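Which side chains pack together in this model, and how do its aromatic rings pair? The report below takes up both topics.

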Amino acid sequence: YIQMKPYLPDEKHSKLTIGQLAKLYFSDNSEKQIEQMPNLFRHASKLLKKMAASERFKDCVLKYYVYDISEEEESQFSAVTIELPDNTVFVSYSGTDHSVVGWKENFNLSYLDETPGQTKAKNYLTYVAGRYTGGQEAVDKKADMCNLWIGGHSKGGNLAVFAAMHVDKDVQKRIIKVFNHDGPGFNHKMISTDGYKRVYDKIESFLPQSSVVGILLEHVDDYEVIKSTNSGPMQHDVFSWEILGAHIVKADGLDKNSVRLDRTLRNWIGGMDEAQRRQFVDVLFSIASDSNFENLDQMSFKQLIDMIKAADE
């Protein structure tokens with residue numbers, strides 16, 4: 001969620017360690033400016049500072065940064081590749097921010113077989129995997145064949161799973177794990193594909209107790225529920241998830257509001273054809289705009305369900 005474009009402007013040739021990025025970033029962003037940022041970006045900035053001071057993270061190399069926003073496509077795509085000390089790489093996909101506009105792309109998944117962002121995600125993974133083959137065309141030859149970690153939060157989690165299921169089999173064999181942190185699922189047709197089945201055992205999904213985004217659409221992979229210090233839809237903020245030492249703090253399961261919302265969405269959206277789903281999503285976000293909700297932090301479960309009922313009328 002750190003905006004790295006000013007510091008990694010050329011996605012094919014720019015590279016920085018986390019420590020180097022932090023030095024540049026904090027020379028441009030004062031503590032006062034950071035405190036005025038929305039929650040997600042403020043917390044991400046503070047985490048960057050801690051990572052830059054950490055022996056574990058400070059020398060990890062960031063490469064192939066992409067930041068591609070298209071209002072026309074209703075697409076927000078950003079990704080970065082992180083070289084790790086053990087000669088593996090982590091391909092990290094960014095999610096949307098808390099804006100209502102950013103959320104619409106999550107709901108667009110309900111009627112599109114493939115969003116523009118998903119297309120970019122699978123192409124990005126294919127490109128990055130090709131850079132770490134050790135072959136004649138590769139520019140990075142630290143290892144003959146680097147294995148891959150893939151992950152993301154929110155929509156980024158969906159992109160990570162989508163990319164993993166759509167790359168060539170040879171690349172899929174190199175995937176160690178796919179981390180999906182409260183990312184939306186897929187339509188039923190997608191989770192029945194051979195590509196999904198090949199990476200199914202490598203997917204690890206995590207949802208907060210009051211998940212909203214993570215319960216959208218179909219999931220067949222198992223998920224773990226994490227305790228959060230926030231309440232309601234605000235639990236989507238990954239910085240509210242509880243950690244003890246090197247482990248997550250598990251909850252017993254989703255809370256009743258999340259289960260109710262899941263049932264509500266499945267009842268309404270599940271019975272619609274593609275055209276009806278498209279119309280439903282357009283009307284839902286038109287209501288959100290008219291209600292002057294600027295971000296997720298302002299919305300309660302009741303308000304979200306009331307909006308869905310209104311959109312279905």
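What follows covers the model's basis, its nonpolar cores, its cysteines and its aromatic contacts.

## Basis of the model

This is a predicted model: local features need pLDDT of at least 70, side-chain atom pairs count only at pLDDT 80 or more, and totals for chains, interfaces and linings use all residues. Residues are numbered from 1 along each chain as its sequence is written, and side-chain values use heavy atoms, with hydrogens and water left out.

## Nonpolar cores

In soluble globular proteins, nonpolar side chains tend to be buried together. A nonpolar core here is a set of buried Ala, Val, Leu, Ile, Met, Phe, Trp, Tyr and Cys residues joined through side-chain atoms within 4.5 Å. Buried means under 20% relative accessible area, exposed over 50%, and partly exposed in between (1.4 Å probe, protein chains only).

The largest core holds 33 residues. Its members F77, Y93, Y124, L125, I150, V178 and F186 touch the most other members. Elements giving two or more residues to this core include β3 (75–83), α5 (116–131) and α6 (155–166). Helix α6 supplies the largest share, seven residues. Another core, of 18 residues, lies apart from it, with Y25, A44, L48 and C60 among its members. Helices (H or I, at least four residues) and strands (E, at least two) are DSSP runs, numbered from the N terminus.

## Cysteines

The structure holds zero disulfides, a disulfide being a pair of cysteine sulfur atoms within 2.5 Å. C60 counts as buried because its relative accessibility is 4%. C146 counts as buried at 3%.

## Aromatic contacts

Rings of Phe, Tyr and Trp (its six-membered ring) pair if their centres lie within 6.5 Å; planes under 30 degrees apart count as stacked, over 60 as edge-to-face and the rest as tilted. The structure holds 10 aromatic pairs. One of them is Y7 with Y25, edge-to-face at 6.4 Å centre to centre and 75° between the planes. Y7 lies in the segment before β1 (15–17) and Y25 in helix α1 (residues 18–28), so the pair ties together parts 18 residues apart in sequence. Both Y7 and Y25 are buried.

The ring centres of F77 and Y124 are 6.3 Å apart and their planes stand at 70°, so this pair is edge-to-face. It links strand β3, which holds F77, to helix α5, which holds Y124, 47 residues apart. F77 is buried at 2% relative accessible area, and Y124 is buried at 6%.

Y7, Y25 and F26 form one aromatic cluster. The charged end of K49 sits over the ring of F26, 4.8 Å from its centre. That term requires NZ of Lys or CZ of Arg within 6 Å of the ring centre and within 35 degrees of the ring normal.
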